[in-house]
Amino acid sequence: MALPSMLRLALVAIAAARQVSVSRHMALTIGDATHNVFDFGAAGDGETDDTAALQAAINACAKTGGLAVVPAGHTFVITSVTLNVSHTGLQIDGALKVADRDYYTAKAEGKDVIVITKGITDVAITGTDGLIDGGGAAWWPHKGDFRPHMVGSDRATRLLVHGVTFLNPPSHCLELSAAFVELSHVNIFAPPSTDAPVVSHNADAYDVHGAYAYVHDVNFTTGDDDVAFHANHTLVENSYFGTGHGASIGSLCDAWVTNVTVRNVVFHGTTAGCRIKTRPKCAGRVWDVLYENLTMTDVEMVFDISMFYDNDHPYPKDKKTTLKIEDVTFRDVTSANHEFSGSFYCDEDSPCERLTFDRVHLVTDDAWTCKQSRSGDACCSHSKGTATDVQPAGLTDCFAHSL
Ligand SMILES: *[C@@H]1O[C@H](CO)[C@@H](O)[C@H](O)[C@H]1NC(C)=O
Ligand SMILES: *[C@@H]1O[C@H](CO)[C@@H](O)[C@H](O)[C@H]1NC(C)=O
Ligand SMILES: *[C@@H]1O[C@H](CO)[C@@H](O)[C@H](O)[C@H]1NC(C)=O
Ligand SMILES: *[C@@H]1O[C@H](CO)[C@@H](O)[C@H](O)[C@H]1NC(C)=O
Ligand SMILES: *[C@@H]1O[C@H](CO)[C@@H](O)[C@H](O)[C@H]1NC(C)=O
């Protein structure tokens, strides 16, 4: 018996799908179809603009979902492509290269390199040693001008990035506003923001803007925040942060962020290790944060909590800070060869509370040290906390004498 055509289509869509999961965090359903960019006229010679071919391969997934395949052994130059089909992914086994800045700007000003559109679900960017080269050096000097993110998403659901290296992002690399994100075996590499022949600018690896994010087995070695947390329910574990500005909550103003965990991470040469930065004269709350089992070498400042980030901004003088930072735990943190132990600068209108330090060993310090605060020498101001098995001694006193 012949099926009505609508029903037949629906059956095809259900039958031709694969489950993709790399952990228990989430499973995605991706269509079974594969569409190789070469079948859509790509040159893959590292020079020709292959944006249209890659977009056509994505568009070919429109009916049943599927994978647009970037084959190994070839480099495809692109400007901006749009992932606007649910149950679809990019399988990057070869390399994508972002077009030269002038050309990109002429063709796609205002658009990120990979745009994941609002409302779609089940999107994968996966690869076997896949590479996306952002050519950031041409963009970093143009701080005030348009610079694309490597991947930008606007409220998608279920997003997996796995097995891909992002090199030299022009600006923030992954700027993801999505519900349920997983990053696994992702490398993001850019030079540091100072002391390098070419310095990067704003090259955050991952800005978390959606709840329930799981980041594991990544290597973020970059020039700005390794992870910038702006959303609830993020877990980062079993990872490596090379250069960069550390595991950074914020900066925040009028924002409520809870349940952030960073554990089992090696930091080497980051500016901050554990950082929370909020702005003056703001409302909000940061609470239930855990930094655990972190091993640091050569970081500038191990702990950095400040409610005075970007103090130069003209904030209303009459408005008081009501933003709270509380219930933040640092456990099993070791650091060697850092410049400063850390500082806790909170607002007198809104002290930081219940900062808990447990088994924190700063092996190179004789005393607790910090960069000079706005108001003087103390490393703790308007901060309350407890220190158990913390070396060097002095943190308990620091909190006790905190104004
Ligand atoms: C996705 O975006 C591309 C490029 O703008 C467009 O050609 C295509 O029709 C869009 N597909 C869907 C399903 O919206
Ligand atoms: C992370 O990548 C950097 C830069 O390529 C490299 O030096 C470092 O060894 C890598 N770390 C790990 C743990 O793979
Ligand atoms: C985080 O969760 C709280 C509720 O616990 C909610 O009020 C707040 O808006 C959430 N924050 C974000 C950034 O979505
Ligand atoms: C905290 O966040 C993690 C990581 O997303 C999540 O698995 C866990 O369920 C969250 N806890 C609560 C109480 O929501
Ligand atoms: C602590 O983190 C390291 C990675 O830096 C990991 O090898 C080790 O198993 C972790 N320890 C625990 C108790 O999870």
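Analyst: Start with ligand 1. Around it sit Q55, N59, A62, T82, N84 and V85; a residue qualifies as near when its C-beta atom, placed from the backbone, lies within 6 Å of the molecule. This is a predicted model, in which local features need pLDDT of at least 70, side-chain atom pairs count only at pLDDT 80 or more, and totals for chains, interfaces and linings use all residues. Residues are numbered from 1 along each chain as its sequence is written, while chains are lettered from A and ligands numbered from 1 in the order in which they are written.

The shell of ligand 1 holds four polar, two nonpolar and no charged residues. Nonpolar covers Ala, Val, Leu, Ile, Met, Phe, Trp, Tyr, Cys and Pro; charged covers Asp, Glu, Lys and Arg; the others, Gly among them, are polar.

Q55 of this shell is also a buried residue of helix α2 (residues 51-59). Helices (H or I, at least four residues) and strands (E, at least two) are DSSP runs, numbered from the N terminus. Buried means 20 or more other C-beta atoms within 10 Å of the residue's own, with C-beta atoms placed from the backbone. The buried side of α2 meets several strands. It packs against β3 (34-36), β4 (45-49), β5 (66-70), β6 (75-78), β7 (81-83) and β8 (88-92).

Now follow L54. Leaving aside neighbours within four places in sequence, L54 is in contact (C-beta atoms, placed from the backbone, within 7 Å) with V37, A42, A68, F76, I78 and V81. L54 also belongs to the largest nonpolar core, which has 115 residues. Such a core is a set of buried Ala, Val, Leu, Ile, Met, Phe, Trp, Tyr and Cys residues joined through C-beta atoms within 7 Å. V37, L54, A68 and V227 have the most contacts inside this core. Strand β13 (residues 174-189) gives the most to it, with nine residues.

The wider setting is brief. The protein has four helices and 28 strands. Of its 403 residues, 49% are buried. Among contacts between residues at least 6 apart in sequence, 70% join residues at least 24 apart.

Ligand 3 has A231, N232, A255, W256, V257 and T258 around it. Its shell counts four nonpolar, two polar and no charged residues.

Notes:
Buried ≥ 20, exposed ≤ 12 C-beta atoms within 10 Å, placed from the backbone. Contact = placed C-beta atoms within 7 Å.
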